[in-house]
Amino acid sequence: MQGLLIYGAEEYKRNQDFSAFLIREGKKLGINLKLAFPEEINRDMTGEKYSFGLVRVIRPKINQRLEEQGIRSMNSYEVSSIANDKYKTYECFHDKVPCIPSQRIENVTEESIPHSPGFVIKSLDGHGGKEVFLSDTMREQAIQHLSGRPAILQPYEKGYSYDIRVYVLGGRIVAAVKRKGNGDFRSNFSVGGSVEPFPVSELPTDLLQEVTSRLWLDYAGVDLLYNGKDFLLNEIEDVVGARMLYKVAPDCNIGIEYLKYVAEIVAG
(Lines give C-alpha, C1' and ligand atoms only; values in the text may rest on other atoms or scores of the structure.)
Protein backbone atom coordinates (compact mmCIF):
# COMPACT_ATOMS: atom_id res chain seq x y z
CA MET A 1 0.00 0.00 0.00
CA GLN A 2 1.23 3.44 -0.99
CA GLY A 3 0.89 6.46 1.25
CA LEU A 4 2.20 9.97 1.81
CA LEU A 5 3.97 11.16 4.94
CA ILE A 6 3.48 14.92 4.89
CA TYR A 7 5.65 17.32 6.89
CA GLY A 8 6.28 21.03 6.72
CA ALA A 9 9.95 21.94 6.33
CA GLU A 10 10.33 23.12 9.93
CA GLU A 11 8.37 20.20 11.35
CA TYR A 12 10.53 17.78 9.39
CA LYS A 13 13.74 19.27 10.81
CA ARG A 14 12.45 18.64 14.33
CA ASN A 15 11.12 15.16 13.57
CA GLN A 16 13.58 13.54 11.17
CA ASP A 17 14.16 10.57 13.46
CA PHE A 18 10.44 9.88 13.86
CA SER A 19 9.75 10.25 10.15
CA ALA A 20 12.62 7.86 9.33
CA PHE A 21 11.20 5.44 11.91
CA LEU A 22 7.74 5.53 10.32
CA ILE A 23 9.17 4.95 6.82
CA ARG A 24 11.47 2.13 7.96
CA GLU A 25 8.97 0.31 10.17
CA GLY A 26 6.15 0.87 7.70
CA LYS A 27 7.99 -1.18 5.08
CA LYS A 28 7.96 -4.16 7.46
CA LEU A 29 4.17 -3.96 7.48
CA GLY A 30 3.84 -3.56 3.72
CA ILE A 31 3.38 0.22 3.90
CA ASN A 32 5.40 2.28 1.44
CA LEU A 33 5.51 5.85 2.71
CA LYS A 34 6.73 8.69 0.51
CA LEU A 35 7.94 11.79 2.32
CA ALA A 36 6.16 14.83 0.89
CA PHE A 37 6.00 18.54 1.64
CA PRO A 38 2.94 20.83 1.44
CA GLU A 39 3.76 22.36 -1.94
CA GLU A 40 3.67 18.88 -3.51
CA ILE A 41 0.07 18.31 -2.41
CA ASN A 42 -1.30 21.11 -4.59
CA ARG A 43 -0.66 19.20 -7.80
CA ASP A 44 -3.11 16.72 -9.30
CA MET A 45 -2.46 13.28 -7.82
CA THR A 46 -5.60 11.52 -9.01
CA GLY A 47 -3.60 9.26 -11.33
CA GLU A 48 -1.17 8.20 -8.63
CA LYS A 49 -1.66 5.21 -6.35
CA TYR A 50 -1.64 6.91 -2.98
CA SER A 51 -4.45 5.57 -0.83
CA PHE A 52 -3.77 7.64 2.30
CA GLY A 53 -1.79 10.54 3.71
CA LEU A 54 -0.38 10.88 7.22
CA VAL A 55 -0.52 14.64 7.76
CA ARG A 56 2.17 15.71 10.23
CA VAL A 57 1.86 19.45 9.70
CA ILE A 58 -0.86 21.78 10.96
CA ARG A 59 -2.46 22.99 7.74
CA PRO A 60 -6.08 21.85 7.43
CA LYS A 61 -6.13 22.77 3.74
CA ILE A 62 -3.72 19.88 3.12
CA ASN A 63 -6.17 17.44 4.72
CA GLN A 64 -8.93 18.95 2.60
CA ARG A 65 -6.86 18.71 -0.59
CA LEU A 66 -6.14 15.02 0.02
CA GLU A 67 -9.81 14.24 0.51
CA GLU A 68 -10.76 16.18 -2.62
CA GLN A 69 -8.47 13.84 -4.57
CA GLY A 70 -9.92 10.70 -3.03
CA ILE A 71 -6.98 10.11 -0.67
CA ARG A 72 -7.74 9.11 2.94
CA SER A 73 -6.43 11.87 5.21
CA MET A 74 -5.28 10.99 8.73
CA ASN A 75 -6.61 12.88 10.58
CA SER A 76 -9.61 13.90 8.52
CA TYR A 77 -10.19 17.45 7.30
CA GLU A 78 -13.09 17.73 9.75
CA VAL A 79 -10.86 16.85 12.70
CA SER A 80 -8.05 19.09 11.50
CA SER A 81 -10.31 22.10 10.95
CA ILE A 82 -11.95 21.78 14.38
CA ALA A 83 -8.93 20.77 16.46
CA ASN A 84 -6.74 23.55 15.07
CA ASP A 85 -9.23 26.25 16.01
CA LYS A 86 -9.71 26.49 19.77
CA TYR A 87 -13.06 28.24 19.50
CA LYS A 88 -14.42 25.68 17.02
CA THR A 89 -13.38 22.99 19.50
CA TYR A 90 -15.30 24.78 22.24
CA GLU A 91 -18.37 25.21 20.01
CA CYS A 92 -18.26 21.53 19.08
CA PHE A 93 -18.24 20.23 22.65
CA HIS A 94 -19.36 22.82 25.19
CA ASP A 95 -22.93 21.51 25.35
CA LYS A 96 -21.75 17.89 25.60
CA VAL A 97 -18.87 17.81 28.09
CA PRO A 98 -17.39 20.10 30.77
CA CYS A 99 -15.26 22.70 28.99
CA ILE A 100 -13.43 25.90 29.86
CA PRO A 101 -15.84 28.76 29.01
CA SER A 102 -14.46 30.51 25.92
CA GLN A 103 -15.21 33.82 24.27
CA ARG A 104 -14.08 34.54 20.73
CA ILE A 105 -12.37 37.86 20.04
CA GLU A 106 -12.60 38.70 16.36
CA ASN A 107 -9.77 41.22 16.36
CA VAL A 108 -7.23 41.65 19.16
CA THR A 109 -6.83 45.33 20.02
CA GLU A 110 -6.12 47.38 23.12
CA GLU A 111 -9.86 47.74 23.61
CA SER A 112 -10.81 44.09 23.10
CA ILE A 113 -8.56 42.65 25.85
CA PRO A 114 -9.84 43.24 29.41
CA HIS A 115 -7.64 45.01 31.95
CA SER A 116 -8.92 42.80 34.75
CA PRO A 117 -6.81 39.87 35.99
CA GLY A 118 -7.84 36.23 35.89
CA PHE A 119 -8.06 35.63 32.14
CA VAL A 120 -6.04 33.61 29.64
CA ILE A 121 -5.70 34.96 26.09
CA LYS A 122 -4.88 32.43 23.38
CA SER A 123 -4.49 32.52 19.62
CA LEU A 124 -6.99 30.26 17.89
CA ASP A 125 -4.35 28.01 16.36
CA GLY A 126 -1.38 28.11 18.74
CA HIS A 127 0.26 24.89 19.97
CA GLY A 128 2.86 23.77 22.48
CA GLY A 129 2.15 26.60 24.93
CA LYS A 130 2.94 29.26 22.32
CA GLU A 131 0.74 32.34 22.04
CA VAL A 132 -0.84 31.78 25.46
CA PHE A 133 -0.90 34.80 27.78
CA LEU A 134 -2.12 35.50 31.33
CA SER A 135 -3.95 38.82 31.58
CA ASP A 136 -2.52 39.49 35.06
CA THR A 137 1.04 39.89 33.83
CA MET A 138 1.13 39.40 30.06
CA ARG A 139 -1.66 41.61 28.70
CA GLU A 140 0.64 43.88 26.70
CA GLN A 141 2.52 40.90 25.29
CA ALA A 142 -0.78 39.39 24.15
CA ILE A 143 -1.78 42.57 22.36
CA GLN A 144 1.64 42.91 20.74
CA HIS A 145 1.80 39.30 19.51
CA LEU A 146 -1.85 38.84 18.53
CA SER A 147 -2.74 42.32 17.29
CA GLY A 148 -5.25 42.22 14.44
CA ARG A 149 -5.82 38.47 14.78
CA PRO A 150 -8.72 36.50 16.22
CA ALA A 151 -8.22 34.91 19.63
CA ILE A 152 -10.12 33.40 22.52
CA LEU A 153 -10.52 34.61 26.07
CA GLN A 154 -10.90 32.09 28.89
CA PRO A 155 -11.09 32.36 32.68
CA TYR A 156 -7.88 31.25 34.35
CA GLU A 157 -8.88 28.04 36.12
CA LYS A 158 -6.26 28.33 38.85
CA GLY A 159 -7.32 25.21 40.73
CA TYR A 160 -6.83 23.10 37.61
CA SER A 161 -3.07 23.00 37.86
CA TYR A 162 -2.57 19.74 35.95
CA ASP A 163 -2.94 19.03 32.28
CA ILE A 164 -3.68 15.47 31.15
CA ARG A 165 -2.69 14.49 27.60
CA VAL A 166 -4.73 11.50 26.44
CA TYR A 167 -3.41 9.64 23.39
CA VAL A 168 -6.18 8.37 21.12
CA LEU A 169 -5.55 5.95 18.26
CA GLY A 170 -8.39 4.83 16.03
CA GLY A 171 -10.93 6.15 18.52
CA ARG A 172 -9.31 4.10 21.29
CA ILE A 173 -7.53 5.45 24.36
CA VAL A 174 -4.02 3.99 24.46
CA ALA A 175 -2.14 6.02 27.08
CA ALA A 176 -2.12 9.23 29.12
CA VAL A 177 0.42 11.50 30.79
CA LYS A 178 0.08 14.20 33.44
CA ARG A 179 1.81 17.54 32.93
CA LYS A 180 2.44 20.35 35.41
CA GLY A 181 4.04 23.73 34.88
CA ASN A 182 7.46 24.39 36.39
CA GLY A 183 7.02 27.91 37.73
CA ASP A 184 4.84 28.72 34.70
CA PHE A 185 1.05 28.73 34.49
CA ARG A 186 1.41 26.70 31.29
CA SER A 187 1.99 22.98 31.74
CA ASN A 188 3.33 22.19 28.26
CA PHE A 189 6.38 19.92 28.16
CA SER A 190 7.90 22.13 25.44
CA VAL A 191 8.00 25.15 27.80
CA GLY A 192 9.59 23.28 30.69
CA GLY A 193 6.66 21.48 32.31
CA SER A 194 7.18 18.18 34.10
CA VAL A 195 5.54 14.98 32.90
CA GLU A 196 4.65 11.62 34.43
CA PRO A 197 2.40 8.69 33.49
CA PHE A 198 -1.30 8.95 34.29
CA PRO A 199 -3.42 5.80 34.76
CA VAL A 200 -5.90 5.23 31.94
CA SER A 201 -8.25 3.72 34.52
CA GLU A 202 -8.57 7.14 36.20
CA LEU A 203 -9.59 9.01 33.04
CA PRO A 204 -13.13 10.41 32.64
CA THR A 205 -14.62 7.71 30.41
CA ASP A 206 -17.91 9.48 29.65
CA LEU A 207 -16.18 12.72 28.62
CA LEU A 208 -13.74 10.96 26.32
CA GLN A 209 -16.45 8.80 24.78
CA GLU A 210 -18.36 11.97 23.89
CA VAL A 211 -15.28 13.39 22.20
CA THR A 212 -14.41 10.26 20.25
CA SER A 213 -18.03 9.64 19.21
CA ARG A 214 -18.32 13.18 17.82
CA LEU A 215 -14.94 13.17 16.04
CA TRP A 216 -13.19 10.09 14.67
CA LEU A 217 -9.59 10.49 15.81
CA ASP A 218 -7.09 8.44 13.80
CA TYR A 219 -4.19 9.59 15.96
CA ALA A 220 -4.59 12.62 18.20
CA GLY A 221 -4.20 13.97 21.70
CA VAL A 222 -7.09 15.08 23.88
CA ASP A 223 -5.94 17.61 26.48
CA LEU A 224 -7.85 17.85 29.75
CA LEU A 225 -7.40 20.19 32.69
CA TYR A 226 -7.44 18.39 36.03
CA ASN A 227 -7.68 19.57 39.64
CA GLY A 228 -7.14 16.22 41.29
CA LYS A 229 -10.83 15.34 41.10
CA ASP A 230 -12.62 16.87 38.11
CA PHE A 231 -11.72 17.21 34.44
CA LEU A 232 -12.37 19.92 31.83
CA LEU A 233 -11.86 19.53 28.11
CA ASN A 234 -9.18 21.99 27.05
CA GLU A 235 -8.00 21.24 23.49
CA ILE A 236 -7.55 18.54 20.87
CA GLU A 237 -4.07 18.10 19.41
CA ASP A 238 -4.46 17.08 15.78
CA VAL A 239 -0.77 16.56 14.94
CA VAL A 240 0.18 14.95 18.23
CA GLY A 241 3.76 13.96 18.96
CA ALA A 242 5.04 11.19 21.21
CA ARG A 243 8.13 12.61 22.95
CA MET A 244 6.41 12.92 26.32
CA LEU A 245 5.00 9.42 26.11
CA TYR A 246 8.33 7.88 25.11
CA LYS A 247 9.99 9.75 27.99
CA VAL A 248 7.76 8.32 30.71
CA ALA A 249 6.62 5.05 29.08
CA PRO A 250 9.39 3.83 26.77
CA ASP A 251 7.75 0.41 26.44
CA CYS A 252 4.64 1.98 24.88
CA ASN A 253 5.65 2.10 21.22
CA ILE A 254 2.80 4.16 19.89
CA GLY A 255 4.59 4.65 16.56
CA ILE A 256 4.32 0.93 15.78
CA GLU A 257 0.70 0.87 16.93
CA TYR A 258 -0.01 3.84 14.66
CA LEU A 259 1.42 2.01 11.64
CA LYS A 260 -0.51 -1.17 12.45
CA TYR A 261 -3.69 0.89 12.65
CA VAL A 262 -2.95 2.51 9.29
CA ALA A 263 -2.34 -0.89 7.67
CA GLU A 264 -5.61 -2.24 9.06
CA ILE A 265 -7.69 0.76 8.01
CA VAL A 266 -6.27 1.00 4.49
CA ALA A 267 -6.54 -2.73 3.89
CA GLY A 268 -9.99 -2.89 5.36
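Leaving aside its neighbours within four places in sequence, with which residues is Asp223 in contact?

Guide: The model is predicted, so local features need a pLDDT of at least 70 and side-chain atom pairs count only at 80 or more, whereas totals for chains, interfaces and linings use all residues. Residues are numbered from 1 along each chain as its sequence is written, and side-chain values use heavy atoms, with hydrogens and water left out. The pLDDT is the predictor's confidence in each residue, from 0 to 100. Its mean for the chain is 92, and 96% of the residues reach 70 or more. Over residues 187-191, however, the pLDDT is below 50, although this stretch has 16 contacts in the model beyond near neighbours in sequence.

The residues in contact with Asp223 (contact meaning heavy atoms within 4.5 Å) are Asp163, Ile164, Arg165, Arg179, Leu232, Leu233, Asn234, Glu235 and Glu237. Asp223 itself lies in strand β12; strands (E, at least two residues) and helices (H or I, at least four) are DSSP runs, numbered from the N terminus. With a relative accessible area of 3%, Asp223 is buried. Buried means under 20% relative accessible area, exposed means over 50%, and partly exposed lies in between, for a 1.4 Å probe and protein chains only. The side chains of Asp223 and Arg179 are joined by a polar contact of 3.3 Å. A polar contact is a pair of N or O atoms within 3.5 Å; within protein, one must be able to donate a hydrogen and the other to accept it, and residues adjacent in sequence count only if both atoms are side-chain atoms.

A nonpolar core is a set of buried Ala, Val, Leu, Ile, Met, Phe, Trp, Tyr and Cys residues joined through side-chain atoms within 4.5 Å. The largest such core has 29 residues, and those with the most contacts inside it are Phe93, Ile164, Val166, Leu217, Val222 and Leu224. At least two of its residues come from each of α5 (77-83), α6 (86-93), β9, α8 (205-214), β12 and β13 (231-237). Not counting residues up to four places away in sequence, Ile164 touches, among others, Phe198, Val222, Asp223, Leu224, Tyr226 and Phe231.

Aromatic rings also link this region. Rings of Phe, Tyr and Trp (its six-membered ring) pair if their centres lie within 6.5 Å; planes under 30 degrees apart count as stacked, over 60 as edge-to-face, and the rest as tilted. By this rule there are nine aromatic pairs. Tyr162 and Tyr226 form a tilted pair, 6.4 Å from centre to centre with 50° between the planes. Because Tyr162 lies in strand β9 (residues 162-169) and Tyr226 in strand β12 (residues 219-226), the pair ties together parts that are 64 residues apart in sequence. Tyr162 is partly exposed at 25% relative accessible area, whereas Tyr226 is buried at 11%. One aromatic cluster is formed by Tyr162, Phe198, Tyr226 and Phe231.

A charge sits over a ring if NZ of Lys or CZ of Arg is within 6 Å of the ring centre and within 35 degrees of the ring normal. Lys178 lies over the face of Tyr162 at 4.5 Å from the ring centre, and the charged end of Lys180 sits over that ring, 5.0 Å from its centre.
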